[in-house]
Amino acid sequence: MSYDEVEIEDMTWNEKLQAYTYPCPCGDLFQITLEELRAGEEIARCPSCSLYITVIYDPEDYENAEPPTGGSDTKAPAAPPHTPEVEVH
Ligand SMILES: [Zn+2]
């Protein structure tokens, strides 16, 4: 039995994880990827505990879905500057 049933509209697209997420009571996030949605998967699992939720969505909406992009201003930070290797003597 799943922990809960959550509509996809209530989940949050996480750019970093490339998955729809929903807060898990353990503090982590239930996750389901777009690919899983396309495949008809409806279980979003939490990587940190054994809980999972059933995602309510219309599979037809995701058959050809693209990852949501959006003018969010959460830009990935630039790559850290290359640190010169320290020579150990
Ligand atoms: Zn959890």
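This is a predicted model: local features need pLDDT of at least 70, side-chain atom pairs count only at pLDDT 80 or more; totals for chains, interfaces and linings use all residues.
Visitor: Let's start with the inside. Which residues of the largest nonpolar core touch the most other members?

Guide: The general idea is that in soluble globular proteins, nonpolar side chains tend to be buried together. In this model the largest nonpolar core has 14 residues, and Tyr-22, Phe-30, Ile-32, Ala-44, Ile-53 and Val-55 touch the most other members. As for where the core comes from, β3 (19–23), β4 (29–33) and β6 (52–56) each supply at least two residues.

Visitor: Take Tyr-22, then. Is Tyr-22 buried or exposed?

Guide: Burial is read by counting neighbours: 20 or more other C-beta atoms within 10 Å makes a residue buried. Tyr-22 has 21 inside that distance, so it counts as buried. It sits in strand β3.

Visitor: And what does Tyr-22 touch?

Guide: Leaving out residues up to four places away in sequence, Tyr-22 touches Val-6, Met-11, Leu-29, Phe-30, Ala-44 and Ile-53. Asp-10 is twelve residues from Tyr-22 in sequence, yet their C-alpha atoms are 7.8 Å apart in space.

Visitor: Phe-30 turns up again. How do β3 and β4 pair?

Guide: β3 and β4 run antiparallel to each other, over five bridges. Phe-30, in β4, is the bridge partner of Tyr-22. The two strands make a hairpin with five residues between them, and in the turn Gly-27 has a positive phi of about 105 degrees.

Visitor: Why is β4 largely enclosed?

Guide: For a regular strand, keep in mind that the side chains alternate between the two faces of the sheet. Here, four of the five residues of β4 are buried, so the rest of the structure largely encloses this strand. Look at Ile-32 too: beyond residues up to four places away in sequence, its contacts are Ala-19, Tyr-20, Leu-37, Glu-41, Ala-44 and Val-55.

Visitor: Back to phi. Which residue has a positive phi although it is not a glycine?

Guide: That's Gln-18, with a phi of about 55 degrees. You'll find Gln-18 in the loop between β2 (12–14) and β3. The cut-off for exposed is 12 or fewer neighbours, and Gln-18 is exposed because it has 12 other C-beta atoms within 10 Å.

Visitor: One from a helix to finish. Where does Glu-60 lie?

Guide: Glu-60 is in helix α2 (residues 59–62). With 8 other C-beta atoms within 10 Å, Glu-60 is exposed. Gly-40 is 20 residues from Glu-60 in sequence and 9.1 Å from it in space, C-alpha to C-alpha.

Conventions:
Residues are numbered from 1 along each chain as its sequence is written. A nonpolar core is a set of buried Ala, Val, Leu, Ile, Met, Phe, Trp, Tyr and Cys residues joined through C-beta atoms within 7 Å. Two residues are in contact if their C-beta atoms, placed from the backbone, lie within 7 Å. Two strands pair if DSSP finds at least two bridges between them.
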